[in-house]
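Open the model in your viewer and keep the selection tool at hand. The tour goes stop by stop.

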Amino acid sequence: HVVYIQKNPPIQLTSRMSTEVEKEEVVESPDIHFQPLVSLPIVVTKTFEEEEEELLKLRAKLFRFDTSEDPPQWKERGVGDVKLLKNKKNLSVRLLMRRDKTHKICANHILTKEMTLLSSAGSDRAWVWNVLADFADEEAKKEQLAIRFKNAEVAQQFKEKFEHCQSLIPDADKSIELVDDLKNLTVSDSQDDSAVESGVKDADTVAITTVDVSTNQNGNNEAKAGGENEKTVEKTEVSKGETDTKVQDENQNEASSS
């Protein structure tokens with residue numbers, strides 16, 4: 001059987017139809033404003049990145065090695081921007097990564113010198129490393145993470161910056177040695193002659209100063225006592241003079257009466 005399909009010819013607008021289309025008025029939508037029933041205040045959300053300096057920001061995909069599965073397997077952790085942030089106060093560097101849209105943290109840990117970036121399955125755009133304490137789930141967990149970038153150049157850029165940040169971290173062994181030295185710090189019995197002489201001179205100076213101070217105090221006390229004695233003598237002399245005057249007056253009165 002042969003089936004014939006008739007195609008409809010294209011519709012052509014006549015002059016009358018085009019005129020009617022032009023005459024149609026476009027109705028504008030009214031500008032309607034709805035007043036909200038409840039006014040909500042603006043809430044400022046802190047990301048705890050305000051006191052940190054952004055050293056690197058790259059787009060990547062993160063994986064974690066899930067050992068709870070049987071057998072253990074790699075699981076996708078999230079896709080987003082991975083950052084290396086330097087704290088302005090204690091100068092520590094942490095790795096932070098958030099998922100797209102939800103901004104939920106999928107990696108959050110401090111860089112240490114013990115971390116080593118290894119190539120993932122021979123790929124030149126993916127790295128694997130171990131973390132002793134990752135706080136992505138708001139509690140410290142030991143994790144094995146893997147991160148993959150879009151090309152080898154970006155992956156190499158991440159590795160160079162990662163290792164550069166590790167070089168800024170002070171060695172733990174040196175810090176421990178410094179603490180031990182401070183704990184074991186004692187005054188040595190053997191001192192230089194110059195130090196001993198300077199110590200003796202300082203002691204003599206202190207002794208002399210003490211003597212001078214005590215002498216000055218004794219001198220001041222003696223001066224005060226002397227001044228009081230002089231006042232007493234003056235009073236005694238005055239009283240003695242008054243007594244002599246009275247005696248002379250009495251003698252003169254007796255002579256005149258006789």
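Over how many bridges do strand β1 and strand β2 pair, and in which sense? Select residues 52–66 for β1 and residues 73–87 for β2: they pair in the antiparallel sense over 14 bridges. Strands here are DSSP runs of E with at least two residues, helices are runs of H or I with at least four, and both are numbered from the N terminus. Two strands count as paired if DSSP finds at least two bridges between them.

This is a predicted model, in which local features need pLDDT of at least 70 and side-chain atom pairs count only at pLDDT 80 or more, while totals for chains, interfaces and linings use all residues. Residues are numbered from 1 along each chain as its sequence is written, and side-chain values use heavy atoms, with hydrogens and water left out.

**The sheet**

Stay on β1 and pick Phe-63. Its bridge partner in β2 is Glu-76. Now widen the selection to the whole sheet. Seven strands form an open sheet, ordered β4-β3-β2-β1-β7-β6-β5, with antiparallel pairing. Look at the edges: β4 (105–110) and β5 (118–119) each have a single partner strand, so one side of each lacks a neighbour in the sheet.

**The β3–β4 hairpin**

Move to β3 and β4. The two run antiparallel and are joined by five bridges. Select Met-97; opposite stands Ala-107 in β4. Five residues lie between the strands of this hairpin, and Lys-101 takes a positive phi near 70 degrees.

**The helix across the sheet**

Select residues 152–167, which are helix α2. Helix α2 lies across β1, β2, β3 (93–99), β6 (126–134) and β7 (141–148). Its direction is about 110 degrees to β1. For such angles, axes are lines fitted to C-alpha atoms, for helices over the stretch in contact (heavy atoms within 4.5 Å). Angles run from 0 to 180 degrees between N-to-C directions.

**Salt bridges**

The whole structure holds 13 salt bridges. Each is a side-chain nitrogen of Lys or Arg within 4 Å of a carboxyl oxygen of Asp or Glu.

Select Arg-59 next. What does its side chain meet in a salt bridge at 2.3 Å, N to O? The partner is Asp-100. This pair links distant parts of the chain, with Arg-59 in strand β1 and Asp-100 in the loop between β3 and β4, 41 residues apart. Arg-59 also meets Asp-81 in a salt bridge, at 3.9 Å from N to O. Here the link runs from strand β1 to strand β2, 22 residues apart.

Colour by accessibility. Buried means under 20% relative accessible area, exposed over 50%, and partly exposed in between (1.4 Å probe, protein chains only). Arg-59 is partly exposed at 47%, Asp-100 at 31% and Asp-81 at 29%.

Now select Glu-51 and Lys-89. They form a salt bridge, with the closest N and O atoms 3.6 Å apart. Glu-51 sits in the loop between α1 (15–23) and β1, Lys-89 in the loop between β2 and β3, 38 residues apart. Glu-51 is partly exposed at 45% relative accessibility, whereas Lys-89 is exposed at 66%.

**Last stop**

Select Leu-37, which is in the loop between α1 and β1. At 87% relative accessibility, Leu-37 is exposed.
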